[in-house]
Structures are given as structure tokens and as C-alpha cells.
Amino acid sequence: MKKTDILIIGSGIAGLFCAIKIGKKRPDLSIAIMTKDKVKNSNTQLAQGGIAVVTDCIEDSFEQHIQDTLKSGGGLCDEEVVKMVIHQAPERLNELIDIGVSFDKNKSGIWNLGLEGGHSQHRILHHKDISGAEIEKNLIETIKQLSNITLLEDHLVIDVDTKKNNGRINCTGAFYCDKINKKVKYIRAKTIVLSTGGCGQIFKNTTNPEIATGDGIAIASRAGAVIKDMQYIQFHPTALYEENKNPFFLISEAVRGFGAHIVNEDQKRFIFKDDIRGELATRDIVSQAISKEIEMSGNPYVYLDCRHLDFEEFYSHFPSITEYCKTIGLHPEKDLIPIVPVAHYQCGGINVNKKSQTNIKNLYAIGECSRTGLHGKNRLASNSLLEALVFAHQASEHIAKNIDDLSFAPKDAMLQFDEPLMDKDSNYFMKFKKELQTMMTFFYASNDSDFVKILNRIESMKMATVGLLFKKKKITTQLIEFTNMLTVAKIIIEHHKTKVLKSAVMY
Ligand SMILES: Cc1cc2nc3c(=O)[nH]c(=O)nc-3n(C[C@H](O)[C@H](O)[C@H](O)COP(=O)(O)OP(=O)(O)OC[C@H]3O[C@@H](n4cnc5c(N)ncnc54)[C@H](O)[C@@H]3O)c2cc1C
């Protein structure tokens, strides 16, 4: 494919929903979705808990959801954005239901709403404990029915191409690896949407799958986009502890909402020392309390205790969690489940306005790779699938309305290339990758502030990889992803440094 009206990068909830919305509204436009692996491989596919939406306006209200989100965000949310997202939520939810996504109801036919940390009401719609897989399946089915959308698996985007026009940077196309034909190619597009998800793989312990290498952030920053708040990486307090596991299996927050307790080695609950909400405090508070307990005890984990819960009901809500635990010999009805906080969600990202526009003309960002102002310092549980839906909608509306005023950039003979893509590299980078993951995990765990030392080490790893990439022209997908991980790690550390320096000036 040499050109497309709209190029969407990534096939999680954000990219697929955006493609469907534009595809239905404007059947005359060509839309290509490029995704670097198989279509389902995404954070979306793994989402367990569900989507936070106010559906019952008797007990609950938009105002309560807004207040919970603002409180969780620690004073850094954009209140206008929070209001927009929460007010739009029921409409976006109905669109998901219209394409076939099913959410659990109770025996009287009303939504079976889950409760999660930081929420003052039960308001999480879910499909058992596999909400993301249910959403992804239906989005993919819908995409297949829309003839103006082409889904390209195993297409890893390397960079977006930009030109300066009237003093403003304009996005005009993208370089990508066609992993099937082993070629590096170029595509022209009038508009590009980044929906590349998060960067959990920068850390040794994470819930994020292998694809979560922060590519969108690195691509956008190389293009000159503004990146914000990357220091706010959310750690999920209850990942199942298994030695040398990557990614870690998540035990959904909804399990605590269902009544599970967090206990220490002496089987005592301890989160109340830090917050009166106990296990249902927000993730930052629960994660910190667990980390402190782990440090004091010297044990690498604490426990989730589900033994007092009604097991039949537990199983019907959490079948996949129960089955996974069984595969490693744990039975939630009689065993304590070892848990540990791990990197889970990127609250910052590519800065966008309410229409999902970045500062680069014709470049949009949606979903986890974007920074919309909804989450502030700490995302409220189950607000991210919702954010992805709302900002995918916002982008789709703006693109559908404005694309007729855009034209393709003229063909550039230099860019019509077909470079060979090398096979997977040997384990050359694995050593560096492990070192980076350990360094970043340690940085967060210890609050290490030797920024210079860490930045220098990132820089030297970058020199080694970039040297291979450009000097020897040895392009592999691993190399591209690892270079992106280094770029994003550097941004995270720099954002931390700026925060520390700013607060030093204030005192
Ligand atoms: C285990 C787990 C449980 C979660 N549970 C919940 C929950 O219950 N509720 C909730 O609201 N949130 C939850 N989250 C968070 C939520 O799932 C994500 O924030 C959300 O799914 C992100 O969607 P996305 O479309 O932005 O990105 P993703 O779903 O991660 O999709 C990113 C896509 O981009 C592709 N991609 C990346 N780089 C490139 C590239 N260079 N070229 C081409 N393609 C690329 C990837 O292959 C992938 O297809 C959970 C996350 C995890 C990991």
C-alpha cells in the first residue's frame, strides 16, 4: 500500500474504535490500521475489570464519578476533560453494546456493576473478568465488515514523516517494517492517528505484554510532539507474584472490590494504617503500602486473601483468574495468593487537546499513548478503556469533518524505498534490555535520584544501538523497539528530574 487517507497505528480499543467510527461515518475514505504483531496482541486484550460508566443515576451520579477521578488524580487532572469524558461515557458505552459487546447483568436483568479502588460507587461494567477480550473480539469483527478499512498485521511503524509548512510541522506519512515481506517501506497519509498503547515493558515487572514498548511516545517525540507527565507510571498493587515472569498475571482490582483482603506474612491486614479505605484506596496508596510492607518484611510479596468469600460467586465473577491460579497450584478458596505491585499504566504521554490533536498538524494521539488530562498523577481504576473510547470518538469527529481540506504531500522520489529488514537479531540486545528494565524498576522502587548516572547509562546504550541501526544499516524490529524503549526511559527520567528541580525551587 503506497497511500491511505487515514493511517491508524495500533489495534487496541483506541485504534479500532476510531477506525470504526470514521469508517462508518465516511465510507468514501480509505483507512489503514497498521499493527506490529497479531491484531489482538495489546493491553486491551488483557483488561479484566471493565469500564467505569455512570449507568444508575439514583445511587450514583456524574458528579460523584468526576469527584472520584479528580481525587485520584492528585490535583493534576484537567477538570474540563474529566467532565467531558464522564458525561460522554453512556453514549460511547451504547456504541460498544450496539456492535455486540456484552456486559454482565444480574438475575433481575440490571447491570452487575463492579466496585474498584477509589470509586465511591459500584459503576464498573464488565464481562466476567475478561472485559478487554470481549471488547477486542467485537471491534475486530466489526472492522472486518467495513470495506474501506484495511487491517495490516505484522506492520511495525518506525517513524512518522513530517514536513514544515507555513512554519508548522505537518505529518505526511510513515516509515514501517513489513515483517511478512521483510521490507522497510514508506506510506503517504493525509492524517495519522497514534494509538500505540503504553510502555510497561521498560520495567522488569509489569502487567503489560511484549508489545508495550512505548513506540508511539518515541515516534511522537522524534517528530517534535509535546510529551507530558511521563514520570507518572501507575503501579498496580495486585499482580500475581511468580519469579522471573514477564508479563506478570494481573489479579484484578475488582477482586478487592468483591471483598478480598491484603494481608502480610502474619495474615494481618495492614493497608488501613495508610488509608481509612483500606484495600479500596486508590492504586498509588495501596501500592506504596505494600512496597513498605515488603521492604520491612524482606519477603518479596504480600498476600491476597479470598478464603472468606463465597467461592461459587467468586468463580462466576472471576473464572479466568481462578483458572490461571490453578495452573500454578493455587486455589483462591483455600490458598493465600502472593501479590506484588508492578508497572501497569502510563498516565502521561503525547499531549493532546480535547479533539485528540497533538501540536503537529494532522497527527492525533488516542488511548494509553496520549496524555489528555483525565488521569493526572494517578488513573482511577477502569477509566482508561473509557478514555480510549471518548478520545477515539473525538478524533474521529474532527478527522471526518476536516479531512476534505487536506491533500497528500507530493511524491518524494527519495522516499519510495524498499529496504531489506533483517531477521530477528541474536540475543545481542537482551542483555541491554534486561539491564534497562532492572534499572528502571530500581529507580521507581528506591526513588533513586542519581539522574545523571542513569541518563548517562541510557545514553551509552543508545549509542551502541543507534550505531548498529544507522552505521551498519542492520535494521531489525527488536532494535527499533529497544531504541524506542531507551528514548522513553530517558523521557521518564527527565520528567522526574524536572519535577524534583521544580519542587526544589519552590521550597
Ligand atoms: C492486565 C491489564 C488489565 C487492565 N485492565 C483494565 C480494566 O479493567 N479497565 C481499564 O479501563 N483499563 C485496564 N487496563 C488498561 C487498558 O487495558 C489500556 O490502557 C488500554 O487497553 C489501552 O488501549 P490502547 O488502544 O491505547 O492500547 P493497546 O490496547 O495497548 O494497543 C496498542 C496497539 O498498538 C500496537 N503498536 C504499538 N507500537 C506499534 C508500532 N510501532 N507499530 C504498529 N503498531 C504498534 C500494538 O501492537 C497494539 O496493537 C488494563 C491493562 C492491563 C495490561
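Me: Which residues are the closest around the ligand, and how many surround the ligand?
Reply: A residue is near a molecule if one of its heavy atoms lies within 4 Å of it. In this predicted model, 38 residues surround the ligand, and the closest are Thr44, Gly49, Gly50, Glu368 and Ser384. Local features need pLDDT of at least 70 and side-chain atom pairs count only at pLDDT 80 or more, while totals for chains, interfaces and linings use all residues. Residues are numbered from 1 along each chain as its sequence is written, and side-chain values use heavy atoms, with hydrogens and water left out.

Me: Where does a polar side-chain atom of Glu368 lie relative to the ligand?
Reply: A polar contact is a pair of N or O atoms within 3.5 Å; within protein, one must be able to donate a hydrogen and the other to accept it, and residues adjacent in sequence count only if both atoms are side-chain atoms. Here a polar side-chain atom of Glu368 lies 2.6 Å from an oxygen atom of the ligand, and one of Thr35 lies 3.0 Å from a ligand oxygen atom, whereas Ser195 places a backbone N or O atom 3.4 Å from an oxygen atom of the ligand.

Me: Is Arg283 buried or exposed?
Reply: Buried means under 20% relative accessible area, exposed over 50%, and partly exposed in between (1.4 Å probe, protein chains only). Arg283 has a relative accessible area of 6% and is therefore buried, and a polar contact of 3.0 Å joins its side chain to that of Gln234.
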